[in-house]
Amino acid sequence: MNTSFLIMLIVSAVLLMISVILLINNRKIHKDIDRLSAAIENEKLTEYSTADNHFSRLHNAVADLENRLRLEKSSTARESKKNSEFISDISHQLKTPLAAMRLYVEMEYGESPNEHTEKELQLIDKMENLIYKLLRLEKIKSDSYVMDFGFCDIKEVADEVVSEFRPLFPNKQYIVTGESHFRLDKAWLSEALGNVIKNASEHTDDNGKIEITIEGSEQSTTVSIKDNGGGVPEDELSKLFQRFHRTENANPNSVGIGLAITKAIVEKHHGTITAENTGEGLNMIMCFPHIDGAIAI
């Protein structure tokens, strides 16, 4: 056996050994990646790795990020609960003097009705309504309400909500198109849709048009509520869902809580809501992911 053939044989053996080692390492890395991906998808806490390689650094970075997110989520939940408790305490403390004030004003109005006492009663009504809506908003955000999810057609929900507005705005045109079935809380989502449709109805003229378009896929459902009321200034779009925010042409009786409640309800369905101006008016877009299983939030 000559020397060159022997060298070639040794080189081939070395290359084969290297290939086997690389293949084994590659399979191990793929298994580690699959294991890490499964842990992230199942929201399991990733354990720190003691190995010293590039993948372990990535693995530990993911574990560190998960811990930070969990701590941030826990901190946010605590702050939200504190905020909810604070607003609840203030609201309850306001209810007693408001009730007494209403009693005295009603007595005065009964003895000698006049425009001042009538206005006072209207202001008390507005204050009580504000307290009620503010309490609801904070309770939704702090998970004080348990939502009852069930498989339902969102078109049925939209049709029922629209039927309540037609007698209130008889000259307006309401159009509901499309359908999609997914798990939702019918009562709460009815309120969310109702707040947006009410907002659209109040911001269009007597012959206004409100279009509710439903588009569903395997993964998600999108509900678009578009009106021809002219829209809002661009700098107000990002503020529409903030509590107490009122647009320039808002209803005088509005307290600026309805759209904030809608946003909270949509988020409890793991969804998102955005607003955009169109050529004719405002378009509110709700997007809901399809989540399997009965979920109570």
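Reply: What follows takes those topics in turn.

Me: Before that, what are the ground rules?

Reply: This is a predicted model, in which local features need pLDDT of at least 70 and side-chain atom pairs count only at pLDDT 80 or more, while totals for chains, interfaces and linings use all residues. Residues are numbered from 1 along each chain as its sequence is written, and side-chain values use heavy atoms, with hydrogens and water left out.

Me: How many helices and strands in the protein chain?

Reply: The protein chain has 6 helices and 7 strands, where helices (H or I, at least four residues) and strands (E, at least two) are DSSP runs numbered from the N terminus. Along the sequence they follow the pattern α-α-α-β-α-β-β-α-β-β-α-β-β.

Me: And what percentage of the residues is buried?

Reply: Of the 297 residues in the protein chain, 32% are buried, with buried meaning under 20% relative accessible area, exposed over 50% and partly exposed in between (1.4 Å probe, protein chains only).

Me: Now the rings, how many aromatic pairs?

Reply: There are 2 aromatic pairs; rings of Phe, Tyr and Trp (its six-membered ring) pair if their centres lie within 6.5 Å, and planes under 30 degrees apart count as stacked, over 60 as edge-to-face and the rest as tilted. Phe165 and Phe169 form a stacked pair, at 6.4 Å centre to centre with 20° between the planes.

Me: Why is the pair of Phe182 and Phe288 called stacked?

Reply: Because their planes lie at 25°, with the ring centres 5.4 Å apart, Phe182 and Phe288 count as stacked. This pair links distant parts of the chain, as Phe182 is in strand 3 (residues 181-184) and Phe288 in strand 7 (residues 282-289), 106 residues apart.

Me: Switching to cysteines, how many disulfides?

Reply: The structure holds 0 disulfides, a disulfide being a pair of cysteine sulfur atoms within 2.5 Å. Cys152 is buried at 13% relative accessibility, whereas Cys287 is partly exposed at 28%.

Me: Last one, what lines the second largest pocket?

Reply: Its lining has 12 residues, and those closest to the pocket centre are Lys141, Lys263, Ala264, Glu267 and Lys268. A pocket, on a 1 Å grid over the protein atoms alone, is an open set of points where a 1.4 Å probe fits, with protein on both sides within 12 Å along at least five of seven lines, and lining residues have an atom within 4 Å of a point. Helix 6 gives the largest share of the lining, 5 residues.
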